[in-house]
Structures are given as structure tokens and as C-alpha cells.
Amino acid sequence: MIVTRFAPSPTGYLHIGGLRTALLSYLWARRNGGKFILRIEDTDFSRNDEAAALAIVEAFKWVGLEHDGAIEYQSSRLSIYQEYAQKLLDEGKAYKCYMSKEELEALREEQTARKERAKYDNRYRDFTGEAPEGREAVIRIKAPLEGSVTVHDGVKGDVVFNVADILDDFIIARADGTPTYNFVVAVDDALMGVTDVIRGDDHLSNTPKQIVVYEALGFPLPKFFHVPMIHNSEGKKLSKRDGATDVMMYKTMGYTPEALLNFLVRLGWSHGDQEIFSMEEMLELFDPSDINRSASVYNTDKLDWLNAHTIKNTPNEKLCELLEFHGVMLMSHDKKEILLDAIKERAKTLLEMATLITEILACPAEYDEAALKKGYKEESKGILEAFASALKNSSELHLPSDYHHVMEAVVAELEIGFGKIGQPLRIALMGKLSGPGLDSVMAIIGVEETLARIEALLQR
RNA sequence: GGCUCCAUCAUCUAACGGUUAGGAUUUCAGGUUUUCAUCCUGGCCACAGGGGUUCAAAUCCCCUUGGAGUCACCA
């Protein structure tokens, strides 16, 4: 069985880059009928944050990702890590090191001064004497002293690291007994049965250390897939400083989960020329070994396009629900079908839709100056009056086409072009020169309101 | 700086030794729309550079250049 996992540290929100690796892990697990685990990496107490996990779950819920089983908190698994650290100690694969932080620091400075790589000098590796007084020991793992470690990566291929270049007997438990990252990740992934580790390639250089742990503990290695980073427009790793990196911000900005997921899955992965992927298609087609090797730039132009696309293809009923989040309650509006049909093809986001709806439903509070100048001339008043009386003399006005017929009749009678009536009418109804079809707007607000708005403009 | 990764239009990408290097987004020009948006049609735009290997290289190898990531008792 394929088991994947998403293992964020608790930062308080779900990062857009995190959502991508979570999505890929989720897809791969689901595609194979496997499990997708959510694990919070909170071994650093100073950063521990319960609410952080909830924020991630909230974001998962919004986009529709579901993890299997309970959320695993590393902070509640401390005894397990201690047990395995002890096991290594007992087997002579790890040892206690009594070097103080100050000594370590001094060693590093010396090495750096000599332009050498800063690394632990193994001074306690084979130490058998009495523990120095008053020293808290850290536990270090015995890493290989020579040779190389090869990461067989499903994205990057085989990556070979020289032991001399990157490894030393690294710390697996701090002086206070808490375990460190590279140790717990390996222990947890192994214990939780994770078979496929899909994560950002910023972790690639950590992997040899984790492999050391796997091997010391006799655990089988999982498959690794190191996914290239998402870069900002400067070409650097995407960070909080790059604007919208919190997934939930996309909800407030009016993006749909479908569009966001579709956008993210196409960053570093593709399937021929296909651009639009439903969740079902992603589930059917995604394979981590097809992931690109190179980083991609985060550019949301395509997300906007995708979002507009999904909105256009979302049933009105569903749009009603989504719009409620943006403060627009349409459920019981009798003209909601006409309204939604009129605007769903013109909005990039749900937020834009909400704004547009509000504009349509309320009499314009003010009129755009430039619009008045351009579209509301002296002759316009008479035309509007003629149209108003035509409306009053009509009955059974319900559909946009009903209103359209009235406009046609007036235009024919006055022998003018559509523009002559369209512009002033648009200003009366919307306060500006752009917007949805006038016939639709009138059908939505009704005859009475239409007349009121025309009157309001004439009286101004 | 050491180590590692990466390199096709502005951006996301296709190509898996043989194509006029394809698609999408953006942008531009037309068309549709009484307006705006949508939509439709079309245009502009790329194999980082240099060496090899090969009948044939964007594809394989090497070098250069450029970019990124990572080097903790953080995760």
C-alpha cells in the first residue's frame, strides 16, 4: 500500500507551497487507494502552536483534501523518539557527547578560520570514561566516516553525496532530551509506514542524514520525490514576504478551490497539452515520477484565468452558496438565475461577482463623471423619458428578452441607434458605462426599480 | 565559500536523437457584444553560450555562464 504524508511545522497557516506538496502527496495516495497522513512537526517547543494545526485542517477542508487517521503531533510522541535513541545508544550506534555549546562554537570558529567545513570532530565518539561533571549530554548518531550516500530520488534521479562533504555525527537528541528534526522525521516516516515521501527539494540535502537514521535503525527506505521549489518573481524561494502565501487568503480573494488546485498541480507537472484538470482527472493522471526537475515561478495570471473558467462552469445553485461567504445572500432571490447568468461569465473571482451583484441590486449612489459627460447628453433625457413611458405601457415584463423588445420598439420609434438609449440607460441603472446586458439588469431589478433609477437620473 | 540541484517564448509547459520547436496564460491586432467583460480568429515571442558524440542534438557527454537550495542542540 502507498502511504504518503504531509508534515508541516506549525507556522500558523498553510503555505501555498505546502498546499502543493500536500496535494501531490494526497493525489498519489488516493490514486493508489493508499493513505495520506498529516503530521505536525512540532518538536521545537518554543514554536509549538496548537492553533496552527487547526489552521492547516481548515485550509484542507476548504480545498477538499482529507488526511487519513488522526493528526499526528510529534510533541506527543517524545517517548517514542527517546526509545529509539536509547536503542541506538544500546547498540553502540549512537553515543553521548558532553561537548558544551561554547566548545562547539569555538571548534567551528577554528575550522572556519582554517577554511574547513564546520563539523563535529568526533571527540566523544569512542569515549568510555566518566561523564564530565555538570555537563548535560546530547546524543549523536554515528554517521559513516567515509564513502558516499546516494539518494535515489524519483524526481532528480540518483543524487550522490560524499560523506566527507556533508556528514558528521549529528545530534539526534538535544541536551534537554528532545529529539531533533532529521531523527524524528526518519523515525516517524518509518514507523507510520510512509512508503513515498513527496516534499520540497529544499529537503534534498537533509535526506542523507535521514538515510543514516533509517539504516542505523534497520528501517527500509521509502521512495523519495523531491519536488522543485516555487519561486517568486525575483527567482527566490517563495516566502511570507511574497504577498498571498496563506492558502485561506485565496478564499477571501474569491478563488475557488478547484481553480487553485488545478493551478498548483500544473506547476512542475503536466499531462500533454491539457490545462484543465478536475479532481477526478488529477486523481487518474498524476504520477510523482512525472514531476519536472526545475523550479517554477509563481505567477497568478493563469490562476485568474482558471478561476474565471471554473466560475463559468459552476452551477448557479453552487455559486449562491459560495457567494454567501462574500456577503451576498441570493438563496431566496427570485431573479437569481437571471442575475447569475448575467455575471458569471464576466467575473474573474467570486469577490468580483459579489461586488457586481451589489452594484446591480442597489441604485447607484453616484454617477461616474466621465460617463455622464460621454453618455448623458441633452437629447438623452427625452430618450429616457420615452423609454420610461414605454415601460409603463408594457405589461408582463419578466425576462431579459421582454425588456429587450421594449428597447427595440423605442429605438425604432425614435429612429435612433441602440447606443443612444443604451448609454444613458446604463448610467441610470449602473452609474457607469460598463456592465452586464441592460435587458438582464432590468429583468433582475424589475420595472418599478428601473423606472425609479431612470427618474433619479433625470432629477439629478 | 563547500555540497547539491536546475537551465525551451515574459510565465506555466510539450518534445523522451529526425517537427516549419507544439499548447496554454499574458500581450497585441481584428471580429462578436448598444458598453465593459466573456467568446471567436489571427499575430509577436524560446531551445543560455561553447565544445564534443552522431548521418542527424533542444534532447546524450563535457566545460563555461547564470539561477536556486542547503550547510544549527530550527524545522
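## Model and confidence

Residues are numbered from 1 along each chain as its sequence is written, while chains are lettered from A and ligands numbered from 1 in the order in which they are written. As the model is predicted, local features need pLDDT of at least 70 and side-chain atom pairs count only at pLDDT 80 or more, whereas totals for chains, interfaces and linings use all residues.

The average pLDDT (the predictor's confidence in each residue, from 0 to 100) of chain A is 94, and 99% of the residues score at least 70. The model has an ipTM of 0.96 and a pTM of 0.95.

## Domains

Chain A comprises domain 1 (78-227) and domain 2 (369-459), with bounds from an automatic or database domain assignment. The centres of domain 1 and domain 2, taken over C-alpha atoms, are 75 Å apart.

Helices (H or I, at least four residues) and strands (E, at least two) are DSSP runs, numbered from the N terminus. The largest share, four residues, comes from α18.

By class, the surface holds 19 nonpolar, 21 polar and 19 charged residues. Here Ala, Val, Leu, Ile, Met, Phe, Trp, Tyr, Cys and Pro count as nonpolar, Asp, Glu, Lys and Arg as charged, and the others, Gly among them, as polar.

## Parallel sheet

Three strands form an open sheet in the order β1-β2-β3, with parallel pairing; two strands pair if DSSP finds at least two bridges between them. Its edge strands, β1 (3-6) and β3 (72-73), each pair on one side only. Strand β2 (residues 35-40) is joined to β3 by two bridges, and arginine 39 has glutamate 72 in β3 as its bridge partner.

## Antiparallel sheet

Another open sheet of three strands has the order β4-β5-β8, with antiparallel pairing. Because β4 (94-97) and β8 (171-173) each have a single partner strand, one side of each is left without a neighbour in the sheet. From one strand to the next, the twist averages 45 degrees. Four bridges connect β4 with strand β5 (residues 138-141), where arginine 140 is the bridge partner of tyrosine 95.

Note on methods: Axes fitted to C-alpha atoms, helices over the stretch in contact; angles between N-to-C directions.
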